[in-house]
Amino acid sequence: MNQSLFKRGTGIKDFAKGIKKMNFNQAQFVTSAVNLEACPDNSLAEVAFAGRSNAGKSSAINTITGHNRLARISKTPGRTQLLNFFALEEGRHLVDLPGYGFAKVPLKVKDKWQRELEQYLRQREALVGLILLSDIRHPLKEFDRMMIDWAVQSDLPLHILLTKSDKLKRGAAQNTLLAVQKEVATLDNVTVQLFSSLKNVGVDEARMKLSEWLSSPDMIDEANGVNG
Ligand SMILES: Nc1nc2c(ncn2[C@@H]2O[C@H](COP(=O)(O)OP(=O)(O)OP(=O)(O)O)[C@@H](O)[C@H]2O)c(=O)[nH]1
Ligand SMILES: [Mg+2]
């Protein structure tokens with residue numbers, strides 16, 4: 001029963017396959033796009049960070065890149081209202097998406113945003129994977145589940161970060177991880193891990209997943225020494 005759990009686990013062995021590790025510390029802000037048309041046109045591969053408002057998307061981008069204030073963090077939910085692009089190197093991006101399900105945004109604005117977001121997710125060719133952030137204290141709410149279903153149907157790999165894991169005791173955090181792992185075990189290309197920006201939990205594991213997705217075939221060859 002648990003076989004698939006092992007199969008889908010990330011591990012050090014992934015780097016043995018010759019995945020090029022991205023240089024996260026070099027991340028730079030590129031642009032804030034209001035819609036799909038405004039997104040950078042030089043993108044070869046990008047990973048988007050999605051999740052409910054306040055889940056910790058911007059914090060995670062800062063932690064993963066080792067920058068304090070690359071992505072803007074706020075105590076007021078709904079802070080991120082544009083598609084914010086960060087380049088790790090030319091043409092390889094992380095994208096900070098606006099949070100969904102934020103109640104205080106006027107309905108009209110919310111609808112518009114939902115549409116822009118949907119258009120980006122459906123039509124963005126450079127998109128190679130989704131990081132779904134979900135607060136460990138109330139994981140996988142309705143919107144999260146919709147996002148997972150959509151990713152599976154669209155053949156887009158999805159990796160869940162159970163964020164703010166520092167808010168739970170170790171045992172409770174592990175139990176939640178196991179429960180969520182069990183829930184997604186039958187889904188192709190859906191993985192889960194614990195994450196805390198505050199305590200630097202799961203940063204290497206998340207970087208590994210991003211490197212795996214963002215390495216295009218030619219970069220993997222390069223890492224394997226195929227091209228010299
Ligand atoms: N304890 C704890 N708090 C965190 C962690 N990550 C983020 N937070 C806090 O959670 C709040 C929201 O964080 P953001 O990173 O702005 O969340 P977001 O998902 O980008 O929010 P929106 O842009 O509104 O969608 C902030 O007050 C952060 O300080 C964490 O790992 N642990
Ligand atoms: Mg944000």
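The largest nonpolar core holds 47 residues, and Phe49 and Leu132 have the most contacts inside it. By nonpolar core I mean buried Ala, Val, Leu, Ile, Met, Phe, Trp, Tyr and Cys residues joined through C-beta atoms within 7 Å. Buried means 20 or more other C-beta atoms within 10 Å of a residue's own; exposed means 12 or fewer; partly exposed is in between; C-beta atoms are placed from the backbone. Strand β5, residues 127-135, gives the largest share of this core, six residues. Helices (H or I, at least four residues) and strands (E, at least two) are DSSP runs, numbered from the N terminus.

A word on the source. This is a predicted model: local features need pLDDT of at least 70, side-chain atom pairs count only at pLDDT 80 or more, and totals for chains, interfaces and linings use all residues. Residues are numbered from 1 along each chain as its sequence is written, with chains lettered from A and ligands numbered from 1 in the order in which they are written.

Now the overall picture. The chain has eight helices and seven strands. Of its 228 residues, 37% count as buried.

Back to Leu132. Leaving out residues up to four places away in sequence, Leu132 touches Ala50, Gly51, Asp144, Met147, Ile148, Leu158 and Ile160. Contact means C-beta atoms, placed from the backbone, within 7 Å.

Next, helix α5. It runs over residues 142-153 and spans 17 Å from first C-alpha to last, close to the expected 16 Å. The expected span is 1.5 Å times one less than the number of residues. Which residues of α5 are buried? Asp144, Met147, Ile148 and Ala151. The buried residues pack against β2 (45-51), β5, β6 (158-163) and β7 (190-194). On the other side of α5, Glu142, Arg145, Met146, Asp149 and Gln153 are exposed. Just after the helix, Asp155 has a positive phi of about 60°.

Last, strand β4, residues 92-96. Five of its five residues are buried. Arg92, Leu94 and Asp96 point one way, His93 and Val95 the other. β4 runs parallel to β2, joined by five bridges; pairing needs at least two DSSP bridges. There, Phe49 from the core stands opposite Asp96. β3, residues 83-89, runs antiparallel to β4, also with five bridges. Here Phe85 stands opposite Val95. β3 and β4 form a hairpin with two residues between them, and Gly91 in the turn has a positive phi of about 80°.

Definitions and conventions. Contact = placed C-beta atoms within 7 Å.
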